[in-house]
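Here is a short report on one protein chain. Keep the sequence and the 3D view open while you read.

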Amino acid sequence: MTNFRFTALPHLPAVVAISMVMGLMAPLSAVQAQGLKPSSQLRLPVPAARASTPAGATSNQQQADFIVAVVNSEPITNSEVRLRLLRAEQQLSQQGAPMPPRSELARQVLERLITDKAQLQLAKETGVRADDSAVEGAVQTVARQNQISVEELRRRLRADGIAYSQFQSDLRDELLVSRLRQREVESKVNITEQEIDQFLREQDGKGGKAGAGALELNLAQVLVAVPENASADQVAALQARAQQVAERARAGTDFATLVNEFSAPSARADGGQMGLRAADRYPPLFVEATGSLRAGGIAGPLRSGAGFHVLKVIEKKQAGMPAATIPQTRARHILLQVTPQQSEAAAVEKLVAFKRRLQAGQADFAALARENSTDGSARQGGDLGWTNPGMFVPEFEKTMNSLAINEVSEPLVSRFGVHLIQVTERREAQLTAREQRDAARNVLREKKMEEAYLTWVQDVRGRAYVEYRDPPQ
């Protein structure tokens with residue numbers, strides 16, 4: 001089963017991750033290009049730790065739940081806190097991150113529950129709505145981003161003891177809160193031309209370096225989990241397995257494929273990617289191991305309390321303005337849409353046949369695209385032109401970035417249909433003056449929205465009536 005990331009409270013520019021299930025948020029992209037629009041990074045909830053019991057919990061506490069806090073007359077129960085605490089600890093352990101004292105983590109979890117509940121109450125009170133079609137769309141997004149069908153999603157939820165109705169309810173709550181934030185925060189953030197001018201002058205004064213110490217990383221990992229109380233022989237076997245992963249990754253094997261084949265199920269979401277974030281939000285072990293690596297570099301195996309990690313540097317940059325040059329890719333694709341007349345399986349089969357013909361030299365990619373693709377790029381032989389990072393949906397861009405020049409991908413299923421992708425060129429491109437201003441605007445908007453979001457959250461939390469309850473004696 002896929003998992004959530006354990007993150008701080010970022011601003012949320014669009015539909016967000018299922019925080020009401022997990023209590024953890026993930027920021028989303030708002031970029032779109034070539035008709036391939038990225039969607040929110042909704043994820044499957046981590047399964048409840050059925051057999052786990054927090055240290056110090058008694059059988060009486062398990063049998064008789066009790067209220068630990070009341071938020072504007074709505075209760076938060078001990079079982080809610082315990083469940084989220086277990087999940088937070090599990091996530092920190094899997095990432096090899098430092099574990100705060102249990103009492104401190106429990107306090108943070110409770111405060112997050114209070115904040116979430118206060119925001120949801122405000123959304124409902126102010127008339128924010130999410131109809132059934134929006135919820136169903138969010139369900140389908142979860143399934144697509146985890147590359148499974150809705151039926152498989154339902155099956156996994158059942159296997160992990162999560163009621164589908166509860167899953168839908170949690171998604172509806174998340175949509176309500178997201179729409180409230182869009183209305184109260186994002187719509188009120190504006191960037192002036194004068195602010196952009198000032199920002200660019202400041203960057204020039206720094207020699208183009210936006211805060212030399214503010215390193216940001218996006219790392220992907222394969223986690224070969226080591227069970228508690230594993231024998232020396234078991235540990236050695238798992239270390240050898242991790243070493244095999246590292247060697248295959250360095251030899252050029254698609255990292256997402258290695259993640260699906262070797263990684264612990266809870267660490268397989270998004271091809272193992274942990275997301276672009278400040279380096280100090282990664283475990284020091286990860287930062288030190290990747291310090292001298294460039295994008296595409298492989299580190300590991302590294303040993304942590306969770307097991308053996310093999311890391312790939314997806315992106316590394318200084319916070320603030322992007323570099324004056326950016327990597328660009330020129331690719332082409334054949335898109336077959338899924339329709340009542342053409343199932344997903346039939347589309348995949350057709351593209352597999354196309355790939356065989358291309359590899360045998362019996363067909364031309366551009367000709368096949370013109371004759372078969374249902375995308376607007378068909379007239380250009382499927383050519384998508386030169387594109388910057390972040391312009392395509394994550395699953396498309398991830399596959400595209402993994403391809404060598406002229407290599408043809410396996411059929412890729414996205415929310416738009418089934419694609420066959422080929423990369424024709426790559427280059428480093430200089431940003432134009434307009435692109436630099438657009439980049440500056442995005443940086444300033446991100447910063448302003450984060451500040452506005454944190455202020456808004458504090459205000460919502462401050463206006464809520466919160467009563468803490470002592471546990472029963």
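Which residues are buried in helix H6 (residues 150-159)?

In helix H6, the buried residues are Val150, Leu153 and Leu157. Buried means under 20% relative accessible area, exposed means over 50%, and partly exposed lies in between (1.4 Å probe, protein chains only). Helices are DSSP runs of H or I with at least four residues, strands are runs of E with at least two, and both are numbered from the N terminus. Seen down the axis of H6, the buried residues fall within an arc of 50°, so they line one face of the helix. That arc is taken from the directions from the helix axis to the C-beta atoms. The face turned away from the buried side carries exposed Glu151 and Arg158. After H6 comes glycine 161, with a positive phi near 75°.

Now take helix H10 (residues 255-262). Its buried residues are Phe255, Ala256, Leu258, Val259 and Phe262. Down the axis of H10 they fall within an arc of 160°, so they too line one face of the helix.

## The model as a whole

This is a predicted model: local features need pLDDT of at least 70, side-chain atom pairs count only at pLDDT 80 or more, and totals for chains, interfaces and linings use all residues. Residues are numbered from 1 along each chain as its sequence is written, and side-chain values use heavy atoms, with hydrogens and water left out.

The chain has 15 helices and eleven strands. Of its 473 residues, 48% are buried.

## A three-stranded sheet

Three strands form an open, antiparallel sheet in the order E2-E1-E11. Strands E2 (74-77) and E11 (466-468) stand at the edges with a single partner strand each, so one side of each has no neighbour in the sheet. Strand E1 (residues 67-71) pairs with E2 over four bridges. Two strands pair if DSSP finds at least two bridges between them. Isoleucine 67 stands opposite threonine 77 in E2.

## Aromatic pairs

How many aromatic pairs does a search of the whole structure find? It finds three. Rings of Phe, Tyr and Trp (its six-membered ring) pair if their centres lie within 6.5 Å; planes under 30 degrees apart count as stacked, over 60 as edge-to-face and the rest as tilted.

Phenylalanine 392 and phenylalanine 396 form an edge-to-face pair, 4.8 Å centre to centre with 65° between the planes. Both are buried. The ring centres of tyrosine 453 and tryptophan 456 are 6.3 Å apart and their planes stand at 35°, so this pair is tilted. Tyrosine 453 and tryptophan 456 are both buried.
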